[in-house]
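Have the sequence and the 3D view open side by side. Read each short section, then find the residues it names.

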Amino acid sequence: SKVGSVSSVIEVIDALIEDVEADALKYMKETEAIMMAKVPYQTGLLKGNTGATMVKSNANISVLFKSEAPYAAYQEFGTIEWVDKGYISQNDVDAFASQFKSGTRKTTGGVPAKRYFFGQIRSQTFDFITRLRNLGFK
């Protein structure tokens, strides 16, 4: 009957949604653990203000990463003049990072980039996309 086939389809969709939610949660926790292992630690403020949250709204799932210590970007990107192109490839992130640079190249002074945040998210996102493709998403 049509009711039986519709309910079967709904069951499959519900199971798929549960799989995606489980993978999103796994992605978030794995990425957060890697970030926390790499976050520079001196006073604990940066580590205490770095983390992740998963937000579900209807059929949408968002994973939000944060690093809210006032100096987080300076640690992530450093304050030396240049931006490491091998690490940051997107133009918008490159432009964002450049605002934390000193404007002059120094051989002493300046904080080198610590790379605990964006690089982890980028590499883990590729893994998450692969997991979604394995579930049948294109």
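What follows covers a helix, its aromatic contacts, a hairpin and one further tyrosine.

**Helix α5**

This is a predicted model. Start with helix α5, which covers residues 118-134. The helix has 17 residues. From its first C-alpha to its last it reaches 25 Å, close to the 24 Å expected at 1.5 Å a residue. Several of its residues are buried, among them Ile 121, Phe 128 and Leu 132. Gly 119, Gln 120, Gln 124 and Arg 131 are also buried residues of α5. After the helix comes Gly 136, and its phi is positive, near 110°.

**Aromatic pairs**

How many aromatic pairs does the structure hold? There are 3. Two of them are set out here.

| Pair | Centre to centre | Angle between planes | Arrangement |
|---|---|---|---|
| Tyr 27 and Phe 128 | 4.8 Å | 20° | stacked |
| Tyr 116 and Phe 117 | 6.1 Å | 65° | edge-to-face |

Take the stacked pair, Tyr 27 and Phe 128. Tyr 27 lies in helix α1 (residues 2-38), while Phe 128 lies in helix α5, so the pair ties together parts that are 101 residues apart in sequence. Are these two residues buried or exposed? Tyr 27 has a relative accessibility of 6%, so it counts as buried. Phe 128 has 14%, so it counts as buried too. The cut-off for buried is under 20%.

Now turn to Tyr 116 and Phe 117. Their planes stand at 65°, so this pair is edge-to-face. Tyr 116 is buried, and Phe 117 is buried as well.

**The hairpin**

Next, look at the strands. Strand β1 spans residues 50-57, and strand β2 spans residues 60-67. The two run antiparallel, joined by 8 bridges. Together β1 and β2 form a hairpin, with 2 residues between them. Asn 58 sits in that turn and has a positive phi of about 55°. In a regular strand, side chains alternate between the two faces of the sheet.

**Tyr 74**

Finally, find Tyr 74 in helix α3, residues 72-77. Its relative accessible area is 36%, so Tyr 74 is partly exposed. Which separation divides the C-alpha atoms of Tyr 74 and Lys 114? They are 8.8 Å apart, though the two residues are 40 residues apart along the chain.

Technical notes:
Residues numbered from 1 in each chain as written. Predicted model: local features only at pLDDT ≥ 70, side-chain atom pairs only at ≥ 80, totals over all residues. Heavy atoms only, no water. Helix = DSSP H or I, 4+ residues; strand = E, 2+ residues; numbered from the N terminus. Expected span 1.5 Å × (residues − 1). Buried < 20%, exposed > 50% of the residue type's maximum accessible area, 1.4 Å probe, protein only. Phe/Tyr/Trp six-rings, centres within 6.5 Å; stacked < 30°, edge-to-face > 60°. Pairing = 2+ DSSP bridges.
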